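Dear colleague,

Please find below the structure I am handing over to you, together with its sequence.

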Amino acid sequence: MSAFSANWLDRREPVDHRSRNKALAQALARHFDGWRPLTVVDLGCGTGSNLRATAPLLGPEQHWTLVDRDQALLDAAVPRLTAWADGWDGSGGELALFKGHKRIDVRFRRADLADGLDAALGPAAHLVTAAALFDLVSAAFIARFTAALAARKCAFYTVLTYDGDQRWTPAHAADAAMTEAFHSHQRRDKGFGPAAGPAAPDLLSESFAAARYTVREADSAWRLEEADAALIADLGQGFATAVEETGAVDAVSIKSWRAVARTAAVVGHADTLALPPLR
Ligand SMILES: C[S@@+](CC[C@H](N)C(=O)[O-])C[C@H]1O[C@@H](n2cnc3c(N)ncnc32)[C@H](O)[C@@H]1O
């Protein structure tokens, strides 16, 4: 059973897509311009949101492997990918998507990254990517992951890694205490050892730079406004529940924090593009 439902991933997908850093996306597209075919591994793929946002940046012939530990999410990815594509073919046992002039072959791999990184990564791909994953992993995992990618000389592109910035409108007296407690919840073990949480973007940049990659990190904050009111409300309630679980903020403050109707919120994220050294 996953902490991430397909329904929640559906709700965040439009916000995730509009929040991705455009300059970094263009840098990725420039790097792989002319590469054909291109092999891509998407870690913690959920229902395939990252493919739907990233494949349009890449060349006409792509081979994707979508990796997740949650079979229900891998199953839920198929109808979402075929609905997104202009056409598809599943007759050969593999899924082929046709989008514009691109052909995107998709395989699914059920694997737990924490149990066996090499098995999850498979053979060297040109690009390893992920979305909304790396704040869940530990610093030790990031070190192992960097070494595994450097050994394979893979490029790395990850988006929407939480960076610790949270701003709610209107402000509440308990905001700072709530955020501090939320971050202690974020650092709990999510299966990889103590989670990097908001430190993940910096840890990724430092780790790949130490492996002689060329690293760019850029802002991809969610900037939620009145039109996102339902999402802001859900996010706030989930945030308050996580805070409650820490026991670090008193119940009266949490109740009062929950009662506020918010009209805007910023949730900070970073995107990271790390390109391997030429030799
Ligand atoms: C926040 S969701 C993001 C999903 C998707 N990348 C997206 O952007 O919609 C995190 C994903 O990582 C997966 N995940 C978490 N821990 C994992 C692990 N140890 N091995 C493989 N997948 C994992 C979850 O099942 C979930 O699909």
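This is a predicted model: local features need pLDDT of at least 70, side-chain atom pairs count only at pLDDT 80 or more; totals for chains, interfaces and linings use all residues.

Aromatic pairs number 15 in the structure. One of them joins Phe134 and Phe145: the ring centres are 5.0 Å apart and the planes stand at 50°, so the pair counts as tilted. Phe134 belongs to the loop between β6 (127–131) and α6 (139–152), whereas Phe145 is in helix α6, so this pair ties together parts that lie 11 residues apart in sequence. Both Phe134 and Phe145 are buried.

Phe134 also pairs with Phe156, here edge-to-face, with 5.4 Å from centre to centre and 70° between the planes. Because Phe156 lies in strand β7 (residues 155–169) and Phe134 in the loop between β6 and α6, the pair ties together parts 22 residues apart in sequence. Phe156 is buried, as is Phe134. Ring pairs link these residues into a cluster made up of Phe134, Phe141, Phe145, Phe156, Phe192, Phe208 and Tyr213.

Elsewhere, the ring of Trp257 has the charged end of Arg262 sitting over it, 3.6 Å from the ring centre.

As to the nonpolar cores, the largest has 52 residues, of which Leu51, Leu97 and Met178 touch the most other members. The greatest contribution to this core, 7 residues, comes from helix α9 (residues 229–246). Beyond its neighbours within four places in sequence, Leu51 is in contact with residues including Trp64, Trp84, Leu97 and Ile104. Another core, of 29 residues, lies apart from the largest one and includes Val67, Leu113, Val137 and Leu149.

Yours sincerely

Notes: Residues are numbered from 1 along each chain as its sequence is written. Side-chain values use heavy atoms; hydrogens and water are left out. Rings of Phe, Tyr and Trp (its six-membered ring) pair if their centres lie within 6.5 Å; planes under 30 degrees apart count as stacked, over 60 as edge-to-face and the rest as tilted. Helices (H or I, at least four residues) and strands (E, at least two) are DSSP runs, numbered from the N terminus. Buried means under 20% relative accessible area, exposed over 50%, partly exposed in between (1.4 Å probe, protein chains only). A charge sits over a ring if NZ of Lys or CZ of Arg is within 6 Å of the ring centre and within 35 degrees of the ring normal. A nonpolar core is a set of buried Ala, Val, Leu, Ile, Met, Phe, Trp, Tyr and Cys residues joined through side-chain atoms within 4.5 Å. Contact means heavy atoms within 4.5 Å.
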